[in-house]
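Dear colleague,

I am handing over the structure we spoke about, and it is placed directly below. My notes on helix packing and charged pairs follow, and I would be glad if you read them against the coordinates.

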Amino acid sequence: MIFNSWDYYLLFLIPSAILCRLASPERRPWVIFLSGGLFFTYFSYTQLGGVAGAACLAIFLWESLVSRFYKPSSWVCWFGVTQTVLFLVLFKYRNFLTGIVWRDAAHNPLYWRNAFLPLGISFFTFEFVHYAVDRYKNRTEEGSVTEYLAFILFFPTMVAGPIKRYQDFLPKLRSISREWVIDWQRGFTRILTGLVKKFAVADVLTAYTNHLNATDIGRAYRPILLLWLFAYGIKIYADFSAYSDIAIGSARLFGIRVPENFDWPYLRANITDFWRHWHMSLTNWLIDYIYIPLGGSRRASGQVYANILVTFLVSGIWHGAGVNFIVWGLLHGVMLVVRRMWRRIRPLPPGPPPVWSQLGSWFLTYVGVSLAWAFFCMDVHTALYFFRRLLLG
Amino acid sequence: MNILEWLKHAFEYVGGAQDEPPAGFLIGLGHWWFWAVWWAAMALAIYVFSGQSSKFIYIDF
């Protein structure tokens, strides 16, 4: 409820964007850092975690301090990666992981009853890890501490991406666009488009997707089940691409362009292409910081398949603390592996494929992705019940 | 550019994701009346459908 609240636009976005554009290059990082700090504190305090949530601003300040010791080939970079992952595990997975040992929360001595998540922790984790690893490999300059704080506290992308890269952000911060009129015209158009997608498409589909629970699945006329699940696929796309539209449009008001996140993913004719166009900033991060370090595609086939599965296992775990998200991630990994195997058996002939082949491939991809959403929006038992009802009645 | 690519570009342009319209698209950024009507239509849609909102799915809380 941040991007669809008046507070966001009137208290934060418009004043901060104007100040940022009017500020001198030396003061600009301070404007972004301070407005981001206020944004984090305000929305954490009012919407999650209360005082404790707002106090998590300390994570950013601590990270900015530790980041000053990140040097090429320094062990401190790995310390930074480790502490970042530990923050995520502590806040997001603590109850899930301890629940594996102590099934009953009442008997779990480590159960955190008033658990909350620091605002945007799943996303700022990626940016912290990226900076530490890229400093270790000397792929990015250090920048000043205020520039780094501006990077991690840039509020349009802080909560849910798109996931930025420091070496891409820094030149834009130092030399923001001066084309006020076109930036604001395009930025506001993008924000309005996002809000229309959210309110008129995603939220409208909630009426259908709310039925994806065991009780309604048990009562439903079978073909309706597919309709509900396909509605969820459209809803999650409309919802998250709407969010990305608003984030990208908001950044544009500052005169800063951030990466795109979606490029018509449901029109893609194979699962590899789907992932190249769905949540692109996440896919690129997973490729650069998980898949390639594992060896990427430059290994024997079996190792490549394992790398793909591990990468999508990480993706699944990141998406949520639940077994269903692990199953969802692995399902996508398996689909990618199957496609890769298929292409080894039957390489693409030269020239564009015939239309019927493209349509068939698109249909398979769309249906595969849509069915996999069952494990994203329902727990494993409910999702299996869904498929049992769908297939067996 | 085939018709599908042209349509994609046109949608992205009116949605604010592209700065330049596709070749042959008659509305430029200077056609203020078009953008005024378009913004008003989007604002109306937001107003009509608002009030039922749920949180964004990917936000952590």
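How are α10(A) and α12(A) oriented to each other? Before the answer, a word on conventions: this is a predicted model, in which local features need pLDDT of at least 70 and side-chain atom pairs count only at pLDDT 80 or more, while totals for chains, interfaces and linings use all residues. Residues are numbered from 1 along each chain as its sequence is written, chains are lettered from A and ligands numbered from 1 in the order in which they are written, and side-chain values use heavy atoms, with hydrogens and water left out.

Helix α10 (residues 180–209) and helix α12 (residues 222–254), both of chain A, pack with their axes 7 Å apart and at an angle of about 160°; helices here are DSSP runs (H or I, at least four residues), numbered from the N terminus, and axes are lines fitted to C-alpha atoms over the stretch in contact, with angles running from 0 to 180 degrees between N-to-C directions. The pair α10(A) and α12(A) is therefore roughly antiparallel, given that angles over 145 degrees count as roughly antiparallel, under 35 as roughly parallel, 65 to 115 as roughly perpendicular and the rest as oblique. Their crossing is left-handed, a term used when the near helix is turned anticlockwise from the far one by less than a right angle, with clockwise giving right-handed. By class, the contact of α10(A) with α12(A) has 19 nonpolar, 8 polar and 9 charged residues, where Ala, Val, Leu, Ile, Met, Phe, Trp, Tyr, Cys and Pro count as nonpolar, Asp, Glu, Lys and Arg as charged, and the others, Gly among them, as polar.

A second pair in chain A is formed by helix α4 (residues 57–67) and helix α7 (residues 145–152), whose axes come within 10 Å and cross at roughly 135°, so that α4(A) and α7(A) are oblique to each other. The crossing in which α4(A) passes α7(A) is right-handed. On the α4(A) side A:Phe60, A:Leu61, A:Glu63, A:Ser64 and A:Ser67 meet A:Val145, A:Tyr148, A:Leu149 and A:Ile152 of α7(A), contact being heavy atoms within 4.5 Å. This contact of α4(A) with α7(A) has 6 nonpolar, 2 polar and 1 charged residues. The buried residues of α7(A) pack against α2 (28–47), α4, α6 (121–136), α8 (155–158) and α9 of chain A.

Turning to charged pairs, the count comes to 21 salt bridges over all chains, each being a side-chain nitrogen of Lys or Arg within 4 Å of a carboxyl oxygen of Asp or Glu. In helix α9 (residues 166–174) of chain A, A:Asp168 and A:Lys172 lie 4 residues apart, about one turn of the helix, and their side chains meet in a salt bridge at 3.2 Å, N to O. A:Asp168 counts as partly exposed at 33% relative accessibility, and A:Lys172 counts as partly exposed at 25%. The side chains of A:Arg268 and A:Asp263 meet at 3.7 Å, N to O, and both of these residues are buried. Finally, A:Arg21, A:Asp183, A:Arg252, A:Arg257 and B:Asp19 are linked in a network of salt bridges.

Methods: Helices (H or I, at least four residues) and strands (E, at least two) are DSSP runs, numbered from the N terminus. Buried means under 20% relative accessible area, exposed over 50%, partly exposed in between (1.4 Å probe, protein chains only).
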